[in-house]
Amino acid sequence: WCLSEAWEGCCCPWEKGELRLWYYGMTLSETFSDKGFVGPIPLLSEKEASDVLERLNEWIRTQPGEKLSGDRRFKPHLFLPFINDIVHNPILVAAVQEALQSKDILLWSSDFNIKQAQTKAYFPPH
């Protein structure tokens, strides 16, 4: 099995067969092993990403103070269906499976780490 199986019937920027080569001629799993990350992984079109952002902003407007804070920042894939759709995107799942060389994967957690505009808080790389 390989990532290209997940792309069957999908619109993608690469032709089938090129998906295993990501950086410096290495496979996705070699890249992950060597660099500790792989990306970008194109999952959404610009329109789809815009729609997700609008849905997220709509939901944030329903929160106290119209801000995303506190415990509602954690595990949004459990209560926001459009986030659940992203984390279960077959392209993302296949990329993780290939990077880890295992079909046995589990999403332990997800969260939003949002630095509000004009804040002077320091957000280290994560």
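Buried residues, meaning those under 20% relative accessible area with a 1.4 Å probe and protein chains only, make up 28% of the 126 residues in the protein chain. This is a predicted model, in which local features need pLDDT of at least 70 and side-chain atom pairs count only at pLDDT 80 or more, while totals for chains, interfaces and linings use all residues. Residues are numbered from 1 along each chain as its sequence is written, and side-chain values use heavy atoms, with hydrogens and water left out.

The secondary structure comes to four helices and zero strands, where helices (H or I, at least four residues) and strands (E, at least two) are DSSP runs numbered from the N terminus. Among contacts (heavy atoms within 4.5 Å) between residues at least 6 apart in sequence, 52% join residues at least 24 apart.

Helix α2 covers residues 46–60, and its 15 residues should span 21 Å at 1.5 Å a residue, which agrees with the 21 Å between its end C-alpha atoms; the expected span is 1.5 Å times one less than the number of residues. In α2, V52, L56, W59 and I60 are buried. Seen down the axis of α2, these buried residues fall within an arc of 100 degrees, so they line one face of the helix, the arc being that of the directions from the helix axis to the C-beta atoms. The buried residues of α2 pack against α3 (81–87), whereas E46 and K47, on the other side of α2, are exposed, that is, over 50% relative accessible area.

L43 is found in the loop between α1 (28–35) and α2, and the table gathers its values; partly exposed lies in between the buried and exposed cut-offs.

| Item | Value |
|---|---|
| Relative accessible area of L43 | 22%, partly exposed |
| L43 to P90 in sequence | 47 residues |
| L43 to P90, C-alpha to C-alpha | 9.0 Å |

Not counting residues up to four places away in sequence, L43 touches E48, I86, N89, I91 and L92.

L92 is also one of the residues lining the largest pocket, together with V87, H88, V93, V96, I105, L106 and L107. A pocket is an open set of points on a 1 Å grid over the protein atoms alone, where a 1.4 Å probe fits, with protein on both sides within 12 Å along at least five of seven lines, and lining residues have an atom within 4 Å of a point. The volume of the largest pocket is about 210 Å³, taken as the space filled by probe spheres set on the points. Helix α4 (residues 90–100) provides the largest share of the lining, three residues.
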